[in-house]
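Thanks for coming. I will talk through one structure today, starting with its rings and then moving to the sheet and the pocket.

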Amino acid sequence: MKILCSLLFIVSIAIQAQEIAVLHYKGGGDWYSNPTALPNLITFCNNTIGTVIDTKPEVVTPDSSDLYNYPYIHMTGHGNVYFSESEAQNLRAYLMSGGFLHIDDNYGMEPFIRKELIKVFPDKELVNLSPSHPIFSTAFPFKDGLPKIHEHDGRAPQALAIMENNRVVLLFTFESDLGDGWESPEVHNDPEDVRLKALQMGANIIKYAFNY
């Protein structure tokens with residue numbers, strides 16, 4: 001018991017660091033998509049909400065102990081995702097010990113990630129976050145909840161979460177495409193007000209992951 005408590009204490013200290021990483025998953029999906037997105041979001045956060053994040057995010061795999069060095073892990077892509085049982089168990093342990101995983105569907109990931117999340121949390125389900133949840137107002141107010149950045153199928157954006165003790169440990173943003181909005185302006189030619197909404201919502205998520 002003392003060893004377990006000591007390990008959890010070390011983990012809790014590690015995830016208080018202000019650094020973030022990208023999840024390199026298996027299955028063939030493009031985990032590396034939107035290469036300018038996180039650096040732009042980090043710069044925005046450092047300039048607006050007082051973070052001091054390294055502008056070059058690290059890359060981690062689901063089975064690595066390096067997960068515990070980061071309070072926020074970002075995952076994105078368009079296609080297939082696969083977690084082995086050991087990867088799923090490690091992800092669960094990371095999240096249950098205070099970590100945070102943000103999965104941003106870059107259009108096409110949704111059916112695959114839902115299946116794999118059952119491995120990670122067989123006893124939990126994704127729930128819709130209401131617009132009144134703190135994640136929508138930690139730094140910038142979004143009274144209607146998750147903003148719509150790219151249309152794709154024209155469906156309403158969804159912020160889906162897995163909770164533990166009233167805390168979001170996993171956030172799945174779907175039909176919004178925040179990551180595209182974080183990309184450099186010339187990549188998608190989004191209007192500046194749309195990019196700003198995406199960056200502000202991203203800053204809310206980062207602040208929530210760091211402070212809740």
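Which residues do ring pairs link into a cluster? They are Tyr72, Phe100, Tyr208 and Tyr212. Rings of Phe, Tyr and Trp (its six-membered ring) pair if their centres lie within 6.5 Å; planes under 30 degrees apart count as stacked, over 60 as edge-to-face and the rest as tilted.

Before going on, a word on the source. This is a predicted model, in which local features need pLDDT of at least 70 and side-chain atom pairs count only at pLDDT 80 or more, while totals for chains, interfaces and linings use all residues. Residues are numbered from 1 along each chain as its sequence is written, and side-chain values use heavy atoms, with hydrogens and water left out.

Back to the rings. The structure holds seven aromatic pairs. One of them is Phe44 with Phe140, a tilted pair at 5.9 Å centre to centre and 40° between the planes. This pair links distant parts of the chain, with Phe44 in helix α2 and Phe140 in the loop between β5 and β6 (158-164), 96 residues apart. Helices (H or I, at least four residues) and strands (E, at least two) are DSSP runs, numbered from the N terminus. Both Phe44 and Phe140 are buried; buried means under 20% relative accessible area, exposed over 50%, partly exposed in between (1.4 Å probe, protein chains only).

Tyr68 and Tyr94 have ring centres 5.8 Å apart and planes at 75°, so this pair is edge-to-face. Tyr68 is in the loop between β2 and β3, and Tyr94 is in helix α3, 26 residues apart. Tyr68 is buried at 16% relative accessible area, and Tyr94 is buried at 1%.

Now the sheet. Seven strands form an open sheet with mixed pairing, in the order β2-β1-β3-β4-β7-β6-β5. β2 and β5 (127-128) stand at the edges with a single partner strand each, so one side of each has no neighbour in the sheet. Two strands pair if DSSP finds at least two bridges between them.

Strand β4 (residues 101-105) has five of its five residues buried, so it is largely enclosed by the rest of the structure. Leu101, Ile103 and Asp105 cover one side, and His102 and Asp104 the other. Five bridges join β4 to strand β3 (residues 72-77), and the two run parallel. Asp105 is the bridge partner of Gly77. β4 also pairs in the parallel sense with strand β7 (residues 167-174), over four bridges, and there His102 stands opposite Leu171.

Last, the pocket. How much space lies in the largest pocket? About 230 Å³. On a 1 Å grid over the protein atoms alone, a pocket is an open set of points where a 1.4 Å probe fits, with protein on both sides within 12 Å along at least five of seven lines; lining residues have an atom within 4 Å of a point. Grid points are joined across faces, edges and corners, and the volume is the space filled by probe spheres set on the points.

Of the 15 lining residues, Val22, Ser33, Asn34, Pro35 and Leu38 lie nearest the centre. Helix α2 gives the most to the lining, with three residues.

Asn34 is found in the loop between β1 (20-23) and α2 (37-48). Asn34 has a positive phi of about 55° although it is not a glycine, and at 13% relative accessibility it counts as buried.
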